Each structure stands twice: as structure tokens, then as C-alpha cells.
Amino acid sequence: MPDADIEHLGVQPLYLLADSQLLFWKQRGRLLLEAALDGWAGDARVSAAYVGASNEDQPDFYDIFEAAMDAIGITDRRMIESSFGPEDRSFLERSQLIVLAGGDVRLGWTTLEKTGMKDAILGRYAAGALLVGISAGAVQLGAYGIDETTGSSGTELLDLFKLVSMVIDTHDEQANWARLSRTIESLQGAATGLGIACGSGVIVHTDGTIEALRRPAHQFLFDGTQVAHSLLHPDD
């Protein structure tokens, strides 16, 4: 088990990234995850887990994660495979950093639920681990996932982690976030929406405030008659 002095008390902010670009992006002169780990980066006791369920554990994507970990000096890292064997479970349950990979939202979520990874991740989050979601992983940290591939005429919503009380969508700016807007309208005020464009991300702080990273985040709200769209601009 990791030493107590590198375990945080209470939950940490959530990092939602549209893609892996921000893993190598600097904010105020520091890599994003270096700042997020707040002194842990480079500590030999820190373990970082990469959950590849959404992309069927493709090694090319894990290579990107490894490069990001090299950049912040974390050497104890592991791909948590979709089979979720005992060694993977043991590693995940002691990790201070957990990255949820991009890929297929439904495929990844089904695997997380079926194998018990979902509960293990929630347990680590409650214990103070830092969660980072990339693309599908970012969506999974939200309230619902938009599934338009089921063959029906409508949109099916998947119940997800609900650690962020919004519907998250990523890199759909070329379609003007039509999918997300339709979903928020269909929910009739039950949830708001957050669109994260390519090359950008957000930090969802523990008080619920949202900090846009690199580029504006897109917010969608049903006002009783229609969906209102607004931008949340980065501080920098």
C-alpha cells in the first residue's frame, strides 16, 4: 500500500479531455498532469493505471499514455486490461492516478460494469485518486452517454459514473454539437450538457465549478422552451 503522506484526503477534481493532446500541454509553464498531481509527479511511490476497456486495450494508445507518464516522471504504471485479472485489480486498487481511455463509450462501459472495474474505480476516487477521462473516458465520467448506434430511430442514453452531473460529449464541433443539443432537449431540463472540442478539456472542481482548458467549453441548457448554448472561456 502507498504511504499515507501521498494519499489525499477527500475527492479530487476530475479532468475531462477531448483527446490525448492535453497530456502534453503546459499550463502556466507546467504539464497539466504534473500540476494536477501537485507534487506527486516523479515520486517513485505513485502508481498510474490506464484503463483501456473502451479501445479494447490497443497498445498504440497505451504507448501515448506511457509517453505522458515519462514526461512527468511516473515509472510505476500499468495497462489495466479488459479481462481484469487479479494482478490488474491489485494494481488499480492502489493507483493514485487512473486514466480512462478513449474509444467506444458503450463497449468500455459494459466492460467496466461486467468486470467490477467500475466499483474499483469509484472506490479509488472516493479514496482520493485522480481520475482523468479521455474522449470516451471523459463521457463515462458524466451522467449519461449518448448512443446513436443501436439501430433505433431515437437516441439511447447510457447510465454512467455520474461523477459529473452533466451529459458530456467530445470533439463534435464540426456538427455544431447537434447530437448533444438534441439530447439536452429530449431530457427537458433533467440535465445540462458539456461539449469539449478537439485539443481541449475541462477541470470539474470539487465544488462543481468548471474550468475550461486551452479552448472554450460548450455548455447547453434547456430553458423550458429551447436549448441555450453558451461558451465557457479558459482563464489563460
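**Exercise 1.** Which residues of helix α7 (residues 178-187) are buried?

*Solution.* First, the ground rules: this is a predicted model, where local features need pLDDT of at least 70, side-chain atom pairs count only at pLDDT 80 or more, and totals for chains, interfaces and linings use all residues. Residues are numbered from 1 along each chain as its sequence is written, and side-chain values use heavy atoms, with hydrogens and water left out.

Step 1: take "buried" as under 20% relative accessible area (1.4 Å probe, protein chains only), and helices as DSSP runs of H or I, at least four residues, numbered from the N terminus. In α7 that picks out Leu180, Thr183, Ile184 and Leu187.

Step 2: check the arc, taken from the directions from the helix axis to the C-beta atoms. These residues cover only 95° around the axis, so they sit on the same side of α7.

**Exercise 2.** Work out how α4 (residues 105-115) and α5 pack.

*Solution.* You get an angle of about 85°, with the axes 5 Å apart.

Step 1: since 65 to 115 degrees counts as roughly perpendicular, that's the label α4 gets relative to α5.

Step 2: list the contact (heavy atoms within 4.5 Å). From α4 come Trp109, Thr111, Leu112, Glu113 and Thr115, and from α5 Met117, Lys118 and Ile121.

Note on methods:
Axes are lines fitted to C-alpha atoms, for helices over the stretch in contact, and angles run from 0 to 180 degrees between N-to-C directions. Helices (H or I, at least four residues) and strands (E, at least two) are DSSP runs, numbered from the N terminus. Angles under 35 degrees count as roughly parallel, over 145 as roughly antiparallel, 65 to 115 as roughly perpendicular and the rest as oblique. Buried means under 20% relative accessible area, exposed over 50%, partly exposed in between (1.4 Å probe, protein chains only).
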